[in-house]
Amino acid sequence: MKTRPTRATSLLVGVIAVCAALTAACGGDDSPSGGSPGKGGGSTVIGADIARTGYISAFDLPGYQTLASAAQDPSAEGPELEVKIADNKSDATTAANVATSLTDGGADLLMISCSYPIAAASTAISQARNIVAFTPCTSDQRFGPKGLGSLVYGFGLSIQSEAAAMAEFTADQGWKRVYLLEDTALDYPGRVCSGFKHRFAELGGTVAGQETFKNDDQSITSQASKIRAHKGDFDAVVLCSYPPGGGKAVLQLRQAGISTPIVSHYGMDGAFWAGGIPHLSDFYALSPASAYGDDPVPAVNDLAAAYAKETGQAPATGAFVYGADSASILRAALAKAGGAKGDALNAALEGLGTVDVLSGKVTIDPTYHAIFDRQVRVIRATDGKFGFFKLLSPKDPAALVPYTN
Amino acid sequence: MSAFVQSLIDACSLGALYGLEALAVGLLFGVVRVANFALGTVVTTSAYALYAGRDAGLAGAVGLALVVAVVLCLAMERLVFRPLRTAPVATLFIASFAVAFTLEKTLLLAFGPDQRSFVFDRMPSGVVSVGGYYVTRLSLLTIVLVGVLLAALVGLLRGTSFGIRMRAASDDFAMARLVGVRANAVTAGAFAITGVMSVVVALVLSAQVGGVTPSLGTNVIVFALLGAVVGGLDRLGGAATGGFVVGATLSLLSSWLPDRLAGFDVSFLVAVVIALLLLRPGGLVRAGTMKERV
Amino acid sequence: MPRRGVGWAAVLPPAVVPALVPALLVAAGGVLTAWAGGATERAGLNAVIYVTIVVALSMFSGTTGVISVAHVGFVELGAYLTALLTMPVAFKRQVMPDMPAVLRTVALPFPLAALVAMAVTGVVAAVAGAFLMRLGGLQSAVATFSLLLLVDSVVGNWHSVTAGPSPLVGIPIHATTTIAVAVALVTILAASVLRQSPLGLRLRAGRDDEVAATGSGIHVVADRRRAFVLSAAFAALGGALLSSTLGTISPDGFGLRMTVVVLTMLVVGGLQSLAGAVVGTVVVSVLTETLLRVENGTTLLGAHVKGPVGLSDVGLGLAFLVIVLWRPSGLTGGHEIALPFGKHTQQRKNP
């Protein structure tokens with residue numbers, strides 16, 4: 001038997017010392033970033049518990065960017081806003097930790113991820129602490145009292161609006177029979193597809209068939225073959241997905257010689273995934289705003305230009321309007337509530353009525369805490385170029401709530 | 001019937017891709033006993049190199065990617081796997097996990113999560129139709145590439161003195177050293193060859209996807225590795241066959257599983273893999289003289 | 001068997017002696033972080049849960065020397081079973097109407113649910129272990145990896161039961177820091193008893209020389225299977241804690257990333273000792289939490305630092321590689337740690 005007390009002891013002491021150092025270090029934890037210098041104690045602090053890394057960051061970051069800019073805008077009227085960001089890494093456990101540290105650090109409101117699994121972890125914390133939480137970039141019954149909690153809101157394009165707009169647009173174009181291709185890696189695309197099917201049937205459309213794939217599948221060759229086998233039996237392919245898998249699907253559909261129009265939704269907004277698809281044409285997606293400088297609302301184009309100037313690159317998707325829109329909604333509600341106290345702000349948001357935001361007018365539905373009347377832009381790709389195609393106000397998206405569970 | 005034949009054609013094209021990656025896994029394992037999970041990240045890194053060199057045209061980009069991939073593989077060998085040469089095979093496998101994880105997160109840090117899209121005009125596109133069936137030109141290229149690389153590797157191993165040294169090292173490392181084979185050179189050579197193969201995989205993969213994301217190669221290496229182990233890591237043909245079988249099975253499952261079970265293709269595949277490992281732990285294609293190096 | 005020392009530790013049964021220092025470390029960590037409160041308490045809570053998971057893994061891998069890549073699958077099973085069993089009946093009926101009646105109509109208190117989760121996971125491990133334990137080396141690593149993929153893909157696709165890729169929400173939150181620390185201590189104690197038990201000694205004999213152990217009449221495969229079942233059950237207990245502290249779980253929280261985290265913790269501390277599992281978990285948790293704070297900007301030792309986003313993940317991978325390359329037996333060198341006071345003999349790696 002050999003004794004090694006010295007090394008063991010020093011190891012133990014070392015470990016305890018490091019722990020103590022950490023405990024001491026966190027006393028000074030003060031993640032200051034994106035704040036508004038010069039604005040003092042009176043401002044409302046929004047803690048941004050969003051992804052700067054990981055799969056959902058492409059959706060989270062643009063909204064954060066314009067929210068932070070709007071908070072710093074000296075010309076803005078209404079209550080002062082300040083934004084503090086911490087990275088949840090597209091990970092639920094981290095999101096819960098970040099929610100705790102942000103609210104401990106004095107956040108009055110919580111901005112949460114666009115992804116339901118991640119947002120769910122954040123709202124478990126904010127709801128318990130009586131703090132209003134919002135996601136700028138999506139909305140549906142899950143981000144609200146029927147799902148994550150009574151103090152949770154979604155200010156983005158609702159899943160129901162996407163489904164309704166997709167169906168109306170497809171029918172308007174005269175495409176009566178479609179083939180569905182649905183991504184099952186998350187359930188968001190499937191919910192849009194399911195709402196689409198319901199509304200499309202109401203509008204007299206029919207479905208020739210349906211295939212599923214997963215976002216990280218290397219190849220959708222077998223699905224493409226089955227769709228190809230129905231060639232001539234459908235007018236368009238309806239794709240419910242998101243990048244990068246959705247881009248892969250578009251590419252492989254075209255590679256398989258399927259040249260019908262492809263109609264998709266907000267999940268496929270943006271041109272960044274399409275650089276590898278030469279001369280992509282007849283592709284349609286939905287967006288809350290055109291990121292290509294040709295939006296029918298001039299203020300949106302101004303914001304896109306300002307965004308490009310500030311970040312050094314043009315916005316990747318229409319999500320850049322979400323932050324600016326959210327700032328307007330929050331300023332209106334904060335002014336009405338007279339503060340950020342959970343219950344008071346909640347009542348103010350529920351009774352807010354229609355608000356003028358940068359991209360148009362929006363109304364918060366008090367039952368679902370969702371926005372169903374946001375105008376939808378159809379974006380079209382022609383010969384590899386993306387641009388604004390059509391403005392839509394889909395009819396009664398809220399009626400699709402039962403079909404998008 | 002025609003749908004079934006078409007699904008077999010589709011299965012071949014996915015199988016070829018996984019077979020190509022499994023071939024790289026098998027080569028490395030045969031020579032240095034490393035089941036290298038990080039090969040997937042080498043593929044991803046090569047694809048980023050292709051992206052970085054896209055303005056230089058196909059040849060320029062491939063040249064850049066070759067340099068990057070070979071340097072990365074050599075660095076991996078020198079910094080991680082050479083010091084661990086005497087470690088158990090399972091430990092090396094776990095260590096390659098850590099290498100892959102670190103590299104992937106570094107790529108994420110450097111390039112961000114968004115897909116970087118690119119395409120080379122000279123890569124084949126479109127389909128070839130014969131009698132109602134079709135296959136994409138890219139799949140044909142993949143199948144041809146697997147054949148060419150397999151033949152080239154066999155030629156290298158059988159016909160060159162470097163290959164003979166490599167096979168000697170693969171049969172009995174200690175003995176090969178004793179008779180004067182420079183083990184480090186052979187090992188480094190094997191790693192460098194997998195770097196070259198990774199560039200080929202990256203080229204096909206990025207053309208199939210239309211770009212690159214930090215997790216591009218991870219999916220492929222998971223199935224290629226399972227395939228290589230199932231097929232038999234000790235023979236190049238075994239590893240490539242295993243990779244092909246796994247890829248083809250996955251494709252057939254996604255063609256023919258009923259809708260209710262559509263999501264479970266990976267579950268069924270993995271169950272089959274576990275069963276094969278138990279029934280034929282030495283691999284589908286058995287080697288004659290290989291033995292576990294102690 | 002370890003010889004008894006002459007210090008006060010001599011009054012304790014020898015089977016619990018190796019548990020002393022790890023238990024103190026966990027208890028101290030729990031108290032310290034809880035005292036600091038807020039985000040630090042959450043980080044501490046996470047670390048304590050990981051102690052349960054990593055010690056559970058070391059019950060198998062530490063005593064047998066066989067690395068299992070499957071254990072995060074068991075954690076996932078435990079987490080989902082506990083979540084499904086504790087969620088209120090009315091909530092389940094509303095949110096997941098297609099769930100089989102067995103699950104839909106019951107709601108158990110957390111401790112009972114956790115026990116059921118352990119038992120069910122144990123049965124799964126017993127069935128899988130019957131096959132897996134026959135494999136060795138790379139085949140074993142790849143087969144356990146396949147098992148992880150299998151669990152992950154079933155959980156991620158069985159919509160009617162697990163909600164598929166969507167998270168389960170509305171899981172009742174029962175596990176406080178106190179409960180998590182208590183569970184970790186019980187797990188450490190169990191691991192210590194296992195190590196000193198006849199089964200543990202046989203396992204370690206098999207680890208150090210399988211041929212000699214088999215020659216002495218030890219059924220290495222059967223013994224490993226027992227350890228596999230026990231260790232899977234405790235891994236499920238770690239999962240139970242996870243779902244009951246977070247209130248929500250989804251399949252992407254498990255899988256490859258958590259596997260890398262757990263294996264790094266085990267390897268950094270030292271695969272072969274109980275102390276290694278705990279020290280590794282503590283060190284890696286402190287490291288990643290610190291790097292995470294640097295990513296988000298923090299004041300460290302009086303200076304404001306802000307690092308590139310993604311730093312903590314890269315740091316995690318590097319920690320693993322640095323240890324494997326320069327200290328393959330881990331920080332503890334595979335030894336248990338004696339109390340720094342009191343005069344008694346130190347246990348050796350292989351008594």
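How many residues does helix 9 of chain B have, and how far does it reach from its first C-alpha to its last? Helix 9 (residues 216-231) has 16 residues and reaches 24 Å, close to the 22 Å expected at 1.5 Å a residue. Keep in mind that this is a predicted model.

**Helix 9 of chain B**
- Of the 16 residues in helix 9 of chain B, 14 are buried, so the rest of the structure largely encloses this helix.

- Chain A has an open sheet of 3 strands, in the order 11-12-13, with antiparallel pairing.
- Strand 11 (354-357) and strand 13 (370-371) of chain A sit at the edges with a single partner strand each, so each has one side without a neighbour in the sheet.
- Strand 12 (residues 360-365) of chain A pairs with strand 13 over 2 bridges, and I364(A) stands opposite I371(A) in strand 13.
- Packed on this sheet is helix 10 (residues 320-337) of chain A, which touches strand 11 and strand 12 and makes about 135 degrees with the direction of strand 11.

**Where chain C meets chain B**
- On this contact, 31 residues of chain C meet 33 residues of chain B.
- Sorted by class, the chain C side has 20 nonpolar, 9 polar and 2 charged residues.

Methods. Residues numbered from 1 in each chain as written. Chains lettered and ligands numbered in written order. Predicted model: local features only at pLDDT ≥ 70, side-chain atom pairs only at ≥ 80, totals over all residues. Pairing = 2+ DSSP bridges. Helix = DSSP H or I, 4+ residues; strand = E, 2+ residues; numbered from the N terminus. Contact = placed C-beta atoms within 7 Å. Axes fitted to C-alpha atoms, helices over the stretch in contact; angles between N-to-C directions. Nonpolar A, V, L, I, M, F, W, Y, C, P; charged D, E, K, R; others polar. Expected span 1.5 Å × (residues − 1). Buried ≥ 20, exposed ≤ 12 C-beta atoms within 10 Å, placed from the backbone.
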